[in-house]
Amino acid sequence: MKYKIISILCIILMVLLPMGVRMLGLPQNRYHQHLQAQEKPKCTTHGKETFCTHIPLINITTKETVPAPFLYNEDGSRTLNNKMVQASVQYFDNQEYNNHLTDTPTVSEHALIRTRGRSSRGFDKQGYLLKFMEADFLNNKKVSLSGMTADSDWVLHGPFLDKTLIRNYLCYNLAGEIMDYSPNVRFCEIFINGTYKGLYLLTEKIEYNDEGRIKFTETDPDLPATSYIVKLDEEGENPLYSLNTFSEYSGKNGPRKRGSNKLEIIYPNKTLTLEQKEYIEAEISRFEKALVSFDSADKNYGYPSFIDTASFVDYFIINEFTMNSDAARLSTFFYKDITGKLKITVWDFNSAFDNYLPVMSEPHYFMMTDKFWYEYMLRDQDFSNKIIYRYNALRKTYLSDEYLVEYIDETIAYLGDAIDRNYEVWGYSFSQEEDMLIPTERNPRNFEEAVADLKQSIIKRGEFLDANIETLKSLSHDSINKQFNHDVGGRS
Ligand SMILES: [Zn+2]
């Protein structure tokens, strides 16, 4: 009888558990636009000729034409053109009703604007950087948009290569549920000088902000000891911010892992002193020396005493899962509060899930294991164990196929006709002449195909990692030499 009751209870639990995940939902700690935005009634007072959207609308008018993304040198080479031009920006975000260009703007401000991105600058649909300014255009002005922390600097990411339009939205929000900080984002539609530009993702720039974004304990700006944000990327224009740390000058874990990419200080910026730069260089060098040292894994003076391991574990998992080949190589941001340890945060998933122009990410390979700093951390079995344990836990929650597929479907349902409007302008990019991915078969021919490819990529990737995540242990396996020497020593 007792066993009968137990088996009935087991059956009930087996039926209820999967339903429970779906019904209760996972805790959502941040704002997900597609889940939290209010549903709005259809407009009945205007015709089809009036531009009307249920998502935030941005109307940008520039004084001069937005400068071309590149400057071409005499030898044919090109450099990024970061010249900014003055603009006025109207932001429409009515909570209850749809937005129109003739509404009273929620925000109306002055700003500087330029194109942004590296390779994506060359795409027809460009990304922009917005810097809100006081009317005199001398001082920055912090502006809050759609409830996000007020700041002067905002990124307008215009998905073009990503035909699903949602990779960054999905991945930033996913990372935001898992990690301490990931940029907050809102979908919007934009007009520049009266021309409709399509669907964009308004994104927080990774920066220090005492109200949100990356927060730090207050420090004395005159002292060398400081909190900081550094970025690993292609060499910047100003050598003042470029760091020469141990991995750079020793060549260890340096050139081979990161090419000619450099670590560069993002914060402190305008107030950075030479003493602060030396302090940051010395601190990162101490960490890098510990990382490659014989007793690297020691909790008191090895690498774990310098970094927030959980942050590096999560970064590894998210980027490995999404097959984000640029991770820990380009646009990689590290930050450290003066009282805490070094953390890492995510950026740019435009090419993730097999969306690089050539095939750079295969669903059946690890991508992160030989990356900058990670190759050495993975020599510590404790680190790979943490990744395996955390990965298996996340696969039951935020990284489960069920959660991700539902997230994608619900986001697309929320965007609704904004997707159609975007592709009225950019739909030509589905034609074969416009193919960007190599070989040709990798290019989706319509939006539905792009979404199906994304889902397929997620499912395949999960299958591979589920079957192989345990093999990470082999990277920290004792060497055969150690075993041999130990055996010899034991016998003598
Ligand atoms: Zn309307």
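1. Helices here are DSSP runs of H or I with at least four residues, strands are runs of E with at least two, and both are numbered from the N terminus. The model is a predicted one. By that assignment, the protein has 13 helices and 13 strands.

2. Overall dimensions. Along the principal axes, the C-alpha atoms fill a box of roughly 90 × 75 × 45 Å. Of the 492 residues, 35% count as buried. Taking contacts in the protein between residues at least 6 apart in sequence, 69% join residues at least 24 apart.

3. Met323. This residue sits in the loop between α7 (309-321) and β12 (332-336). Its phi is positive, about 55°, although Met323 is not a glycine. Most residues other than glycine have a negative phi. Met323 has 27 other C-beta atoms within 10 Å and is therefore buried, the cut-off being 20 or more.

4. Trp373. Trp373 is in the loop between β13 (342-345) and α8 (374-377). The count of other C-beta atoms within 10 Å is 24 for Trp373, so this residue is buried as well.

5. Cis peptide bonds. Most peptide bonds are trans. The bond from Tyr267 to Pro268 is cis, with omega near 0°, and Pro268 is placed in the loop between β11 (262-267) and α6 (274-292). The bond from Ile438 to Pro439 is also cis, with omega near -5°. Pro439 lies in the loop between α11 (417-426) and α12.

6. Packing of α10 and α12. At what angle do helix α10 and helix α12 pack? The angle between α10 (residues 401-415) and α12 (residues 447-468) is about 165°, and their axes are 10 Å apart. Angles over 145 degrees count as roughly antiparallel, and α10 and α12 are therefore roughly antiparallel to each other. The crossing of α10 past α12 is right-handed.

7. Residues of that contact. On the α10 side the contact is made by Asp401, Leu404, Val405, Ile408 and Ile412. On the α12 side, Val451, Leu454, Lys455, Ile458, Ile459 and Gly462 take part. By class, the residues of the contact of α10 with α12 are eight nonpolar, one polar and two charged.

8. Arg395. This residue is in the loop between α9 (381-394) and α10. Buried, exposed or partly exposed: which label does Arg395 get? Arg395 has 18 C-beta neighbours inside 10 Å, so it counts as partly exposed. Beyond its neighbours within four places in sequence, Arg395 is in contact with Ser400, Gly462 and Asp466. Gly462 is also one of the α12 residues in the contact with α10. Between Arg395 and Phe216 the C-alpha to C-alpha distance is 32 Å, and the two are 179 residues apart in sequence.

Terms used. Residues numbered from 1 in each chain as written. Predicted model: local features only at pLDDT ≥ 70, side-chain atom pairs only at ≥ 80, totals over all residues. Axes fitted to C-alpha atoms, helices over the stretch in contact; angles between N-to-C directions. Parallel < 35°, antiparallel > 145°, perpendicular 65-115°, else oblique. Left-handed = near helix turned anticlockwise from the far one by under 90°. Contact = placed C-beta atoms within 7 Å. Nonpolar A, V, L, I, M, F, W, Y, C, P; charged D, E, K, R; others polar. Buried ≥ 20, exposed ≤ 12 C-beta atoms within 10 Å, placed from the backbone.
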